[in-house]
Amino acid sequence: MDTRKIAVVTGASSGIGAASAKALAAAGFDVVLGARRTERLSEVAAECGGTALPLDVTDEASVAAFVFEIGRCDLLVNNAGGAFGLDTSAEADLDAWQRMYDVNVLGTARITKALLPLLVASGDGQVVTIGSIAARVPYQGGAGYNAAKHAEAAITRVLRIELLGQPVRVCEIDPGMVETEFSLVRFEGDRAKADAVYAGMTPLTAEDVAETVAWVATRPPHVNIDQITVMPRDQIGPGIVHRSAD
Ligand code: NAP
């Protein structure tokens with residue numbers, strides 16, 4: 001009988017999710033990767049010997065079809081998410097705020113709810129949610145994303161309370177600046193704006209965060225790492241960044 005643990009990673013077609021899928025495969029997990037861009041997802045899956053399945057966490061039917069394919073789940077990495085825009089409250093694009101809420105909050109809630117029975121049945125389940133320091137500290141232009149990440153953190157922390165006494169651990173990993181496609185998505189493909197975010201400083205890489213995910217996932221069953229913030233040395237909070245002159 002195959003006793004390798006199954007890890008499900010949402011948003012595994014790029015960035016932190018793709019790197020986490022690879023790090024978890026290297027740590028001995030069989031990995032199931034979900035995202036909307038299936039071609040890219042398949043490439044990442046091929047690199048780590050995982051299984052690619054289409055997934056839109058904002059769509060109930062998509063989540064149901066995804067979960068239907070999964071017979072066992074030991075670890076769920078809630079990574080799918082992101083920011084859209086950097087509006088002030090006065091000029092808020094509420095459609096963008098809705099989309100941030102849909103993917104970061106309800107998406108995380110939807111896939112977690114769907115996989116929870118399997119996580120409990122595994123006898124040693126784990127949920128790791130990639131939040132953000134935006135879940136902890138407000139920043140200029142962050143209101144929509146701050147609100148979504150605060151809400152995602154709330155459901156993650158409540159889940160930890162709800163699962164006390166059950167064999168499922170819950171961890172929130174809150175990264176600072178990580179150079180992925182995050183800023184490109186936030187600024188609707190504007191490469192110059194995205195690059196400016198990381199100008200003159202050294203951000204985290206997706207692999208840095210993935211290493212943290214793999215470390216959390218490989219602690220002994222009685223150890224619950226509740227919350228971790230991880231930032232570049234050049235950053236001490238949202239918008240508080242050291243940049244070199246050149
Ligand atoms: P990224 O490179 O843009 O990756 C985002 C991933 O989420 C992609 O794989 C995307 O895949 C997936 N995704 C988006 N909407 C989805 C949906 N509806 N259903 C399923 N998958 C979806 O950005 P990243 O930095 O790796 O972001 C990963 C997580 O880290 C996010 O939750 C983000 O909020 C958080 N985070 C990022 C940073 C940072 O500075 N980069 C800092 C703190 C926290 P598809 O488009 O193919 O679906």
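This is a predicted model: local features need pLDDT of at least 70, side-chain atom pairs count only at pLDDT 80 or more; totals for chains, interfaces and linings use all residues.
**Strands E2 and E3**

I started with strand E2, residues 30-35, and found four bridges joining E2 to E3, with the two strands running parallel.

**The whole sheet**

Next I wanted the strand order. Seven strands make up an open sheet, and reading across I get E3-E2-E1-E4-E5-E6-E7, with parallel pairing. Which strands stand at the edges? They are E3 (51-54) and E7 (227-230); each has a single partner strand, so one side of each is left without a neighbour in the sheet. A reminder on how strands hold on to each other: they pair through backbone hydrogen bonds, either parallel or antiparallel.

**A helix across the sheet**

Then I went to helix H8, residues 206-217. H8 lies across E4 (75-78), E5 (125-130), E6 (168-175) and E7. Against E6, H8 runs at about 160 degrees.

**Around the ligand**

How many residues are around the ligand? I have 32 down, and Ser13, Ile16, Arg36, Tyr145 and Thr180 come nearest. I then checked some backbone atoms. A backbone N or O atom of Gly11 sits 2.9 Å from a ligand oxygen, and a polar backbone atom of Gly176 is 3.4 Å from an oxygen atom of the ligand. For Val57, a polar backbone atom is 3.0 Å from a ligand nitrogen. As for cover, the ligand on its own has 880 Å² of accessible area, and the protein covers 94% of that.

**Helices H3 and H4**

Last stop: H3 (residues 60-68) and H4 (residues 94-121). Their axes come within 10 Å and cross at roughly 35 degrees, and the crossing is right-handed. I noted who makes the contact: Glu60, Val63, Phe66 and Val67 from H3, with Arg110, Ile111, Ala114 and Leu115 from H4.

Conventions
Residues are numbered from 1 along each chain as its sequence is written. Side-chain values use heavy atoms; hydrogens and water are left out. Two strands pair if DSSP finds at least two bridges between them. Contact means heavy atoms within 4.5 Å. Axes are lines fitted to C-alpha atoms, for helices over the stretch in contact, and angles run from 0 to 180 degrees between N-to-C directions. A residue is near a molecule or strand if one of its heavy atoms lies within 4 Å of it. A polar contact is a pair of N or O atoms within 3.5 Å; within protein, one must be able to donate a hydrogen and the other to accept it, and residues adjacent in sequence count only if both atoms are side-chain atoms. Accessible areas come from the Shrake-Rupley method with a 1.4 Å probe; for residues, only the protein chains shown count as cover. A crossing is left-handed if the near helix is turned anticlockwise from the far one by less than a right angle, and right-handed if clockwise.
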